[in-house]
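Visitor: I am new to this structure and would like to understand how its features are named. May we look at it together?

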Amino acid sequence: MNKNISQKFDTYPDDIAKILLVIRQAIIDVANETSDDELEEVLKWEEPSYIVKHGSTVRFDWKAASPNQYRIYFNCKTSLVETFKELYGNTFTYEGNRAMVFSTSDIIPLTQLKHCLSLALRYHSIKHLPLLGA
């Protein structure tokens, strides 16, 4: 974890940091399984952000203004969230076409989330396929 990301995690309450570390690890695992390209981990808009060469950026964050929620963000100019809705319906809660919203008390549907992350991290290679090739 680079210094900027580490410092960002230090700003989260401990229980939130633990949850977001699970999300971070899921992104890293999916990137290692689906891409030969190096995963880049940076802060964008002061949020932990992840990108590979042929993918679309995935970000996540928790805000004190919504202390019982955190979000995973996707590029709103893609068909990613629209595809997630089609594939997984009410498995996730969405905010428009840009985010999945989770309650801190939610059990993360990790298998489905990893599939969504896989689609995001391969987006530019699969965006021409119906339902992104799912």
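Visitor: Why is the sulfur of Cys76 too far from the closest cysteine sulfur for a bond?

Guide: This is a predicted model, in which local features need pLDDT of at least 70, side-chain atom pairs count only at pLDDT 80 or more, and totals for chains, interfaces and linings use all residues. Residues are numbered from 1 along each chain as its sequence is written, and side-chain values use heavy atoms, leaving out hydrogens and water. A disulfide is a pair of cysteine sulfur atoms within 2.5 Å. The closest cysteine sulfur to that of Cys76 lies in Cys116, 17 Å away, and is therefore too far for a bond. A search of the whole structure finds zero disulfides.

Visitor: What makes Cys76 count as partly exposed?

Guide: Buried means under 20% relative accessible area, exposed over 50%, and partly exposed in between (1.4 Å probe, protein chains only). Cys76 has 38% relative accessibility, so Cys76 counts as partly exposed.

Visitor: Is Cys116 buried or exposed?

Guide: Cys116 has a relative accessible area of 0%, so Cys116 is buried.

Visitor: Why is helix 2 called oblique to helix 4?

Guide: Helices are DSSP runs (H or I, at least four residues), numbered from the N terminus. Helix 2 (residues 14-34) and helix 4 (residues 110-121) pack at an angle of about 55 degrees, with their axes 9 Å apart. That angle makes helix 2 oblique to helix 4, since angles under 35 degrees count as roughly parallel, over 145 as roughly antiparallel, 65 to 115 as roughly perpendicular and the rest as oblique.

Technical notes: Axes are lines fitted to C-alpha atoms, for helices over the stretch in contact, and angles run from 0 to 180 degrees between N-to-C directions. Helices (H or I, at least four residues) and strands (E, at least two) are DSSP runs, numbered from the N terminus.
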